Amino acid sequence: MTSVMLNEEEAELESRMALTAAVMADKSRSRMLCALMDGRAWTATELSTVADVSASTASAHLARLCEQRFVVALAQGRHRYFRLAGADIAELLERLMGVAWATSTPQKITTPPGLRHARTCYDHLAGEVAVRLFDTLVSRQWLTADGDTLTSLGQEKLAEMGIVISAGVSRRKLSCGCLDWSERRFHPGGALGATLLRCFTERRWIKTETGSRHVTFTPLGIRKLQSEFGINVTR
């Protein structure tokens with residue numbers, strides 16, 4: 001009896017995995033998911049433009065994405081917005097981008113320089129600067145080499161900068177290494193990555209662009225990244 005139940009559970013899991021993969025297998029839905037990686041909420045009209053499909057087709061795609069819990073719908077007045085369901089979905093997409101990049105042939109860099117330099121990965125920083133930040137945290141022994149553990153020294157030193165990392169009430173990891181799809185190395189993910197991006201934004205070290213994942217560093221941010229983390233963010 002137990003064996004039968006296990007077989008049924010395995011079959012159910014396999015079925016769910018197939019459905020999950022099918023959600024990302026459509027090019028239009030993939031475009032929508034990539035657009036939502038900027039962490040903002042988008043309207044169905046905006047997403048239909050990004051995916052280059054009609055409004056009715058976009059609605060059908062969004063219904064599928066909501067059904068499989070990749071995306072959630074938010075109502076505000078008469079308007080309806082869509083955003084990624086959470087950081088776990090964003091991390092899955094970023095890792096998938098890395099796999100897609102690594103298996104492409106010929107392997108040639110086509111990422112726009114600005115995006116490769118610095119961009120948002122949902123709610124944390126990605127790109128060359130973020131990878132250098134990860135390497136700095138590891139070299140200072142504030143973070144383990146796999147990115148999975150923020151050391152007590154790291155928590156102490158970041159707290160001295162006024163950066164307090166907390167996973168909150170969610171099941172999200174305090175820290176994890178998120179594979180950067182353009183650099184193919186880790187940048188800070190988890191609650192650590194989210195807190196760093198939030199602090200950098202609140203302190204006006206960085207500026208984001210509406211409708212884009214591209215991030216630019218302010219003169220203050222350039223000085224602070226150099227003095228606090230020893231990172232030269234100018235190219």
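This is a predicted model: local features need pLDDT of at least 70, side-chain atom pairs count only at pLDDT 80 or more; totals for chains, interfaces and linings use all residues.
1. As a reminder, a disulfide is a covalent bond between the sulfur atoms of two cysteines. Cys-34 has a relative accessible area of 37%, so it counts as partly exposed. Cys-66 is also partly exposed, with a relative accessibility of 24%.

2. Next, the packing of helix H2 on helix H3. Two packed helices are described by the angle between their axes and the distance between the axes. For H2 (residues 27-35) and H3 (residues 44-51), the angle is about 120 degrees and the axes lie 8 Å apart. That angle makes H2 oblique to H3, and their crossing is right-handed. On the H2 side, Ser-28, Arg-31, Met-32 and Ala-35 make the contact, while H3 brings Leu-47, Val-50 and Ala-51. Sorted by class, this contact has five nonpolar residues, one polar and one charged.

3. H2 also packs against helix H4 (residues 55-67), here at an angle of about 70 degrees and with the axes 10 Å apart. The two helices are therefore roughly perpendicular to each other. H2 contributes Ser-28, Arg-29, Met-32 and Leu-33 to this contact, and H4 contributes Ala-58, His-61, Leu-62, Arg-64 and Leu-65. By class, the contact of H2 with H4 counts five nonpolar, two polar and two charged residues.

4. Arg-69 is not a glycine, yet it has a positive phi of about 60 degrees. You will find Arg-69 in the loop between H4 and strand S2 (71-76). Is Arg-69 buried or exposed? With 68% relative accessibility, Arg-69 counts as exposed.

5. Tyr-122 is the other residue to check: its phi is positive, about 65 degrees, although Tyr-122 is not a glycine. Tyr-122 sits in the loop between strand S4 (119-121) and strand S5 (124-126). The relative accessibility of Tyr-122 is 12%, which is under 20%, so Tyr-122 counts as buried.

6. Finally, a charged residue in a loop. Glu-183 lies between strand S6 (176-179) and strand S7 (186-189). Its relative accessible area is 16%, so Glu-183 is buried. Which residues does Glu-183 touch, leaving out those up to four places away in sequence? They are Arg-116, Gly-127, Glu-128 and Val-131.

Conventions
Residues are numbered from 1 along each chain as its sequence is written. Side-chain values use heavy atoms; hydrogens and water are left out. Axes are lines fitted to C-alpha atoms, for helices over the stretch in contact, and angles run from 0 to 180 degrees between N-to-C directions. Helices (H or I, at least four residues) and strands (E, at least two) are DSSP runs, numbered from the N terminus. Angles under 35 degrees count as roughly parallel, over 145 as roughly antiparallel, 65 to 115 as roughly perpendicular and the rest as oblique. A crossing is left-handed if the near helix is turned anticlockwise from the far one by less than a right angle, and right-handed if clockwise. Contact means heavy atoms within 4.5 Å. Ala, Val, Leu, Ile, Met, Phe, Trp, Tyr, Cys and Pro count as nonpolar, Asp, Glu, Lys and Arg as charged, and the others, Gly among them, as polar. Buried means under 20% relative accessible area, exposed over 50%, partly exposed in between (1.4 Å probe, protein chains only).
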